[in-house]
Amino acid sequence: DYGATVVRIESLQRPDFLRTSAPFKDRKPGVNRCGYFAFFNANKYSITLDLKHSKGIEVVKRFIAWADILLENFRPGVMEARGLSYDEVRKINPGIIMVRSSGMGHTGPYAKVATAGIWLTALGGLTNITGWPDRGVAQPYGVLPDFITPVLTTPVMLAALDHKRKTGEGECIDISQFETTIQFIAPLMLDFLVNNNQGGRRGNEHSYACPHGAYCCKGQDRWCAIAVFNDEEWKAFGDVLDNPRWLNDAKFATLYGRKEHEDELNKLVEEWTVNFSAEEVMTLLQSAGVAAGVIKDPRDIYFDPQLRQREHFWPIQHEELDYFYHLGQASKLSQTPAKHWRPAPCLGEHTEYVCTKILGMADTEFIELDQSGAFFSGRS
């Protein structure tokens, strides 16, 4: 989105998992009809290659010679089995930055264990702290390591690119998705190391805030999140509620008291919130300096005036998805703003273009490779 030329090397035989994941346009499955894939792959080129084909590997090596960065997401050992270890890769391009993002990293006793995002969410401790104290664990929505890891990988990758531009030297970056996931429970790890506290499932409770939770509002399945952290906010909260008799009860006078009687307090708060829409609750409390926010569903987000004003939804035309809105970038750069030149690619859509225009292959060479099966075109 910010101008890098990104080429995805894909497989016709084993498509990217996201290409086969719902939701699909009009609920009709297809490798080019997945909204999930489309949201994360705008502005990229797609080429199909058979990495088990000797000539397919030769094409990969030409990409390596061309590229600044090679990013791979295989289980450790897969690239080595195809003759593409870092030592071999840098023989082709000494300045290459090879980013290796795997489940457990490339060293250690579990390095070659096959992993998946949900598995890593559990292993990284996030599942253990999700849910209610009197119930079993609940899996957090989505595959969190898939979103956490790129956030922590990107600055490291850019630092390596900056180093390369200054020195001409490349390097290998070994990313453990297990370790990036654990970063998100750092406070709990510190609490264990210092205080020997194990943490655990707490629902919506917070150690230093009360009331703190999601409260039912007027309408069907409408909720507002509220957080009161100190006595000043508690007083402002009471003013909004017009200071009902229970709010001045001595047992609620301090944070300690409110925490001690939290269940009772939550019921009393909800007896107030159910009389208003979630938007009204948010507006009333925010106006008084109390943290509150509507718990939004996808429709709410799509029509959110803040996102609309900042042009977060980008209209884009796709060959099979037709006209749809793409999520824009949250970072607004004044000199080099993000742009959407192309929708997410159909599988192998740019194979010929990338080979002939970016790698500089002659048409005759491309046809020979195609006929050999290097692109897994199905031809013999």
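The points below are grouped by topic.

This is a predicted model, in which local features need pLDDT of at least 70 and side-chain atom pairs count only at pLDDT 80 or more, while totals for chains, interfaces and linings use all residues. Residues are numbered from 1 along each chain as its sequence is written, and side-chain values use heavy atoms, with hydrogens and water left out.

**Cysteines**
- The structure holds zero disulfides (a disulfide is a pair of cysteine sulfur atoms within 2.5 Å).
- Cys-217 is in no disulfide, and its nearest cysteine sulfur, in Cys-224, is 5.3 Å away.
- Cys-217 is buried at 3% relative accessibility (buried is under 20% relative accessible area, exposed over 50%, partly exposed in between, with a 1.4 Å probe and protein chains only).
- For Cys-355, the closest cysteine sulfur is that of Cys-346, at 17 Å, too far for a bond.
- Cys-355 is buried, at 0% relative accessible area.

**Aromatic rings**
- There are 14 aromatic pairs (rings of Phe, Tyr and Trp, the last by its six-membered ring, with centres within 6.5 Å; planes under 30 degrees apart are stacked, over 60 edge-to-face, the rest tilted).
- Tyr-36 and Phe-40 form an edge-to-face pair, 5.5 Å centre to centre with 65° between the planes.
- Tyr-36 is partly exposed at 24% relative accessibility, and Phe-40 is partly exposed at 39%.
- Tyr-302, Phe-303, Phe-313, Tyr-323 and Tyr-325 form one aromatic cluster.

**Charges over rings**
- The charged end of Arg-19 sits over the ring of Phe-37, 3.8 Å from its centre (NZ of Lys or CZ of Arg within 6 Å of the ring centre and within 35 degrees of the ring normal).
- Arg-308 lies over the face of Tyr-302, 4.3 Å from the ring centre.
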